[in-house]
Amino acid sequence: MRISILPFVMLALPLAEIAGFVVVGRQIGALATVALVVASGLAGMLLLRHRGFGIMQKVRREIDAGRDPGRQLAHGLMTMIAALLLIVPGFLTDIAALLLLLPPVRDLAWSFVKSRVSVMSEFSAGFSRQRRGPTIDLDGEDFTRDRRSDPDSPWQRLDGDG
């Protein structure tokens, strides 16, 4: 039986963040702690606003060049997650956000996620490493389900009956 760790994390994170506030507040004072939390929230909002459009431009350039935009899209998503983590008040989420903003950490996360996620789209089909067979692109008038419509069609022999 597999036990999910997510509920435990969801319970422990706020408690850890409160403990972080107490520790940081004792070291630098309450006003400075509040100022740090507000500053990180503002930084997260600015990052989210600034990088949102830039990410879409990078993805568009990759698509226009005929390359797979998966890496750029994943890096953009991780940057957006980092911005959202900066907006959430707390020092542990800020540390996680700052780590996600480092390109080597994003590359490591992308290599981990890339092997576990398979996204099929019309664009990514051209980059698939595992082909399942030939792709036949037909117009609506070229396709019928009635196989008896044209006895001279070479497609009659697909099942080995010709």
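Colleague: Which residues does Ala97 touch, not counting residues up to four places away in sequence?
Modeller: Ala97 touches Ala82, Leu85 and Leu86. Contact means heavy atoms within 4.5 Å. The model is predicted: local features need pLDDT of at least 70 and side-chain atom pairs pLDDT 80 or more, while totals for chains, interfaces and linings use all residues. Residues are numbered from 1 along each chain as its sequence is written, and side-chain values use heavy atoms, with hydrogens and water left out.

Colleague: What makes Ala97 part of a nonpolar core?
Modeller: A nonpolar core is a set of buried Ala, Val, Leu, Ile, Met, Phe, Trp, Tyr and Cys residues joined through side-chain atoms within 4.5 Å. Buried means under 20% relative accessible area, exposed over 50%, and partly exposed in between, with a 1.4 Å probe and protein chains only. Ala97 is buried, and it belongs to the largest nonpolar core, together with Leu47, Ala74, Met78, Ala82, Ala83, Leu86, Leu100 and Trp110.

Colleague: Which elements give two or more residues to this core?
Modeller: They are helix 3 and helix 4. Helix 3 has the largest share, 5 residues. Helices (H or I, at least four residues) and strands (E, at least two) are DSSP runs, numbered from the N terminus. By that count the protein has 5 helices and 0 strands.

Colleague: What do the buried residues of helix 4 pack against?
Modeller: Phe91, Thr93, Asp94, Ala97 and Leu100 are the buried residues there. They pack against helix 1, helix 2 (30-64), helix 3 (70-87) and helix 5 (103-114).

Colleague: Why does Phe91 count as buried?
Modeller: Its relative accessibility is 15%, so Phe91 counts as buried.

Colleague: And why is Phe21 partly exposed?
Modeller: Phe21 has 27% relative accessibility, so it counts as partly exposed.

Colleague: Why is the pair of Phe21 and Phe91 called edge-to-face?
Modeller: Rings of Phe, Tyr and Trp (its six-membered ring) pair if their centres lie within 6.5 Å; planes under 30 degrees apart count as stacked, over 60 as edge-to-face and the rest as tilted. For Phe21 and Phe91 the values are 5.5 Å centre to centre and 65 degrees between the planes. The structure holds 1 aromatic pair.

Colleague: What does the pair tie together?
Modeller: Phe21 lies in helix 1 (residues 6-28) and Phe91 in helix 4 (residues 91-100), so the pair ties together parts that are 70 residues apart in sequence.

Colleague: What makes the nonpolar patch on the surface a patch?
Modeller: Patch residues have over 30% relative accessible area and no salt bridge; like charges are joined within 9 Å, and nonpolar side chains (Val, Leu, Ile, Met, Phe, Trp, Tyr) within 5 Å. A salt bridge is a side-chain nitrogen of Lys or Arg within 4 Å of a carboxyl oxygen of Asp or Glu. The patch includes Phe8, Met10, Leu92 and Val105, and its residues together have about 1200 Å² of accessible area, from the Shrake-Rupley method with a 1.4 Å probe, where for residues only the protein chains shown count as cover. Helix 1 and helix 4 each give two or more residues, and the largest share, 5 residues, comes from helix 1.

Colleague: How do you know that Leu92 is partly exposed?
Modeller: Leu92, in helix 4, has 39% relative accessibility, so it counts as partly exposed.

Colleague: How many of the 162 residues count as buried, as a percentage?
Modeller: The share that counts as buried is 20%.
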